[in-house]
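Here is a short report for a student meeting this structure for the first time. Keep the sequence and the 3D view open as you read.

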Amino acid sequence: MKRRVNLGDALEAWMEMQTAERGELADHIAPELLYSVLIEPRHEQREDVLDHVIRCSPCLREFKDMAASIEEAAAWDVALPKAAGSELAWPKKIPTNDGKYLIEIRRSLSKEDSGVITLRVEEPFRSAIEGKTVRVFDGTRRVLLRGQIVDGEVSQPIDALSTIVSEFVVLTD
Ligand SMILES: [Zn+2]
């Protein structure tokens, strides 16, 4: 019996071949560079990057995926402090991994275990996320902040700072 080959299989095989061929020849564009070209229209390497991308199917595919996820301002964002497990200085400033948000936690001078938590939306994502309701959870899924983004940010008082477990998740409704 003949094996049926559909268009998806054929495309996949072609992609694999392209990847294998290109993998040895070319230096592909690092994901970080692809990303910065996407979010910075005036990036100095933009032309070189796009010139590679339009000729290289693996990079083109990655570029399209990234563009799609930026466009829909995907609902999940995870933030891990760089020095995991260690005590960060106050105020704590923790960017989410995809650069969409900055979480900032300030401690009150008079009441040391309480303070204010702020979520800021970084510039390229502001118009997409403006007016949405966001929630910030910590590693135990405690809700640290819930509110509406106004003018690119939202703040709320917070207590029991010492019990916050790093590994923040930002959820956009
Ligand atoms: Zn490439």
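This is a predicted model: local features need pLDDT of at least 70, side-chain atom pairs count only at pLDDT 80 or more; totals for chains, interfaces and linings use all residues.

## Isoleucine 117 and its contacts

Leave aside the neighbours within four places in sequence. Isoleucine 117 is then in contact with Ile105, Val136, Leu144, Leu145, Ser155, Gln156 and Ile158. Two residues are in contact if their C-beta atoms, placed from the backbone, lie within 7 Å. Isoleucine 117 is found in strand 4. Strands here (E, at least two residues) and helices (H or I, at least four) are DSSP runs, numbered from the N terminus.

Is isoleucine 117 buried or exposed? Isoleucine 117 is buried, because 22 other C-beta atoms lie within 10 Å. A residue counts as buried with 20 or more other C-beta atoms within 10 Å of its own, as exposed with 12 or fewer, and as partly exposed in between; the C-beta atoms are placed from the backbone. Isoleucine 103 is 14 residues away from isoleucine 117 in sequence, and 7.3 Å away in space, C-alpha to C-alpha.

Residues are numbered from 1 along each chain as its sequence is written.

The pLDDT is the predictor's confidence in each residue, from 0 to 100. The protein averages a pLDDT of 78, and 72% of the residues score at least 70. Among the elements, strand 7 has the highest mean pLDDT (96), while strand 1 (residues 76–79) has the lowest (57). Over residues 81–86 the pLDDT is below 50. Beyond near neighbours in sequence, that stretch has five contacts in the model.

## The overall layout

The protein has five helices and eight strands. From the N terminus on, the elements run α-α-α-α-β-β-β-β-α-β-β-β-β. Buried residues make up 16% of the 173 residues. Take the contacts between residues at least 6 apart in sequence: 52% of them join residues at least 24 apart.

## Two nonpolar cores

A nonpolar core is a set of buried Ala, Val, Leu, Ile, Met, Phe, Trp, Tyr and Cys residues joined through C-beta atoms within 7 Å. Which residues have the most contacts inside the largest core? They are Ile103, Ile117, Leu119, Val134, Val136, Leu145 and Val170, in a core of 16 residues. Strand 3 (101–107), strand 4 (115–121), strand 5 (133–137), strand 6 (143–148), strand 7 (153–158) and strand 8 (168–172) each supply at least two residues of this core.

A second, separate core has seven residues, including Ile29, Leu34, Val53 and Cys59. In soluble globular proteins, nonpolar side chains tend to be buried together.

## The sheet and the hairpins

Four strands form an open sheet in the order 2-3-4-7, with antiparallel pairing. Two strands pair if DSSP finds at least two bridges between them. Strand 2 (92–95) and strand 7 stand at the edges with a single partner strand each, so one side of each has no neighbour in the sheet.

Strand 2 and strand 3 run antiparallel, joined by four bridges. One of the pairs is lysine 92 with isoleucine 105 in strand 3. The two strands form a hairpin with five residues between them, where glycine 99 takes a positive phi near 75°.

Strand 5 and strand 6 also run antiparallel, and five bridges join them. Valine 134 has glycine 147 in strand 6 as its bridge partner. This hairpin has five residues between its strands, and arginine 141 in the turn has a positive phi of about 70°.

Helix 3 (residues 46–53) has the buried residues Val49, His52 and Val53. Seen down the helix axis, they fall within an arc of 100°, so they line one face of the helix. The arc is that of the directions from the helix axis to the C-beta atoms. The face turned away from the buried side carries the exposed residues Glu47 and Asp51.

Aspartate 151 lies in the loop between strand 6 and strand 7. Aspartate 151 is not a glycine, yet has a positive phi of about 50°. Aspartate 151 is exposed, because 8 other C-beta atoms lie within 10 Å.
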